[in-house]
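Me: I have a chain open and want to go through it with you. Can we start with the contacts and then work down to single residues?

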Amino acid sequence: MTGASLTARYFDDIFGSDDDPWNLASSEYEAAKFAHTHDVLADRRYARALEIGCAHGVLTGHLAPMCDSLLAVDISTKALAKARERVGDRPGVSLAHMAFPRETPEIEDFDLVVLSEVAYYWGLVDLERASEWLRGHVSPGGRIILVHYTGETDYPQSGDEAVQALLTELVADFDVELAERRDKYRLDLWKRR
């Protein structure tokens with residue numbers, strides 16, 4: 001674990017040099033992971049959802065049909081431009097530039113928060129900020145879904161470290177509905193008491 005979160009410049013540089021740096025729109029692995037995420041969440045409809053780190057909006061497209069209102073945010077203006085091309089005109093979907101958790105939505109409560117491939121970019125201070133915000137802004141019965149790569153990275157956290165740090169902070173207020181490990185990623189679903 002390291003102390004500093006990755007910055008907007010890091011992500012703008014990544015998206016500036018490659019239209020699809022993680023093959024989010026073209027990889028079979030990503031497609032299967034997004035389908036799995038959708039299937040886990042599809043047992044209900046969500047009034048207000050937040051997707052943190054929406055990148056190109058590929059997962060956003062899977063989430064939108066399940067949500068009355070979906071706010072998808074990203075730290076990178078270049079990523080958001082691609083997301084706008086992909087999902088910008090869908091009813092109920094809003095896109096916003098935001099460096100979560102230092103910047104947070106003004107909406108009071110969400111019944112779904114999606115952290116897909118994002119928490120391991122945060123240092124410990126931002127993981128604590130995120131935990132505090134989630135505790136206060138996920139409505140009772142609401143869910144947090146976390147999906148993270150479990151291989152080695154050069155990010156501030158590993159996927160396992162990031163999820164464990166958040167769970168340690170939130171376990172008193174959330175129940176674990178699901179904790180699955182696949183070949184290259186983990187999927188965790190928590191429900192607010």
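Me: Of the contacts with a separation of 6 or more, what share comes from residues 24 or more positions apart?
Reply: The share is 68%. Keep in mind that this is a predicted model.

Me: How many helices and strands?
Reply: There are 6 helices and 7 strands. Starting at the N terminus, the order is α-α-β-α-β-α-β-β-α-β-α-β-β.

Me: What about burial and surface?
Reply: The chain has 193 residues, and 51% of them count as buried.

Me: Helix H4 next. Which of its residues are buried?
Reply: H4 covers residues 77-87, and its buried residues are Ala79, Leu80, Ala83 and Val87. Down the helix axis they fall within an arc of 95°, so they line one face of H4.

Me: Why would residues with that sort of spacing point the same way?
Reply: An α-helix has 3.6 residues a turn, so residues three or four places apart point the same way.

Me: What happens at the start of H4?
Reply: A side-chain oxygen of Ser76 comes within 3.3 Å of the backbone nitrogen of Lys78 there.

Me: Which H5 residues are buried, and what covers them?
Reply: The buried ones are Asp126, Leu127, Ala130, Ser131, Trp133, Leu134 and His137. Their cover includes strands S1, S4 (110-116), S5 (138-149) and S6, along with helix H6.

Me: Salt bridges. How many?
Reply: The count is 14. One of them joins the side chains of Arg45 and Asp68, at 2.8 Å from N to O. Arg45 is in the loop between helix H2 (28-41) and strand S1 (46-52), and Asp68 is in strand S2 (67-74), so the pair ties together parts 23 residues apart in sequence.

Me: How accessible are those two?
Reply: Arg45 is partly exposed, with a relative accessible area of 47%. Asp68 also counts as partly exposed, at 46%.

Me: Which residue does Asp160 pair with?
Reply: Asp160 and Arg186 meet in a salt bridge, 2.7 Å from N to O. Asp160 sits in helix H6 (159-170) and Arg186 in strand S7 (185-192), so this bridge ties together parts 26 residues apart in sequence. Asp160 is partly exposed at 27%, whereas Arg186 is buried at 13%.

Me: Where do Arg192 and Asp173 sit?
Reply: Their salt bridge has its closest N and O atoms 3.7 Å apart. Arg192 is in S7 and Asp173 in the loop between H6 and strand S6 (174-181), so the pair links distant parts of the chain, 19 residues apart. Both residues are buried.

Me: Last one, then: Asp188. What is around it?
Reply: Asp188 is in strand S7 and is buried, with a relative accessible area of 4%. Its side chain makes a polar contact with the side chain of Arg186 at 2.8 Å. Apart from neighbours within four places in sequence, Asp188 is in contact with Ile144, Ile145, Leu146, Val163, Leu178 and Ala179.

Definitions and conventions
Residues are numbered from 1 along each chain as its sequence is written. This is a predicted model: local features need pLDDT of at least 70, side-chain atom pairs count only at pLDDT 80 or more; totals for chains, interfaces and linings use all residues. Side-chain values use heavy atoms; hydrogens and water are left out. Buried means under 20% relative accessible area, exposed over 50%, partly exposed in between (1.4 Å probe, protein chains only). Helices (H or I, at least four residues) and strands (E, at least two) are DSSP runs, numbered from the N terminus. The arc is that of the directions from the helix axis to the C-beta atoms. A polar contact is a pair of N or O atoms within 3.5 Å; within protein, one must be able to donate a hydrogen and the other to accept it, and residues adjacent in sequence count only if both atoms are side-chain atoms. A salt bridge is a side-chain nitrogen of Lys or Arg within 4 Å of a carboxyl oxygen of Asp or Glu. Contact means heavy atoms within 4.5 Å.
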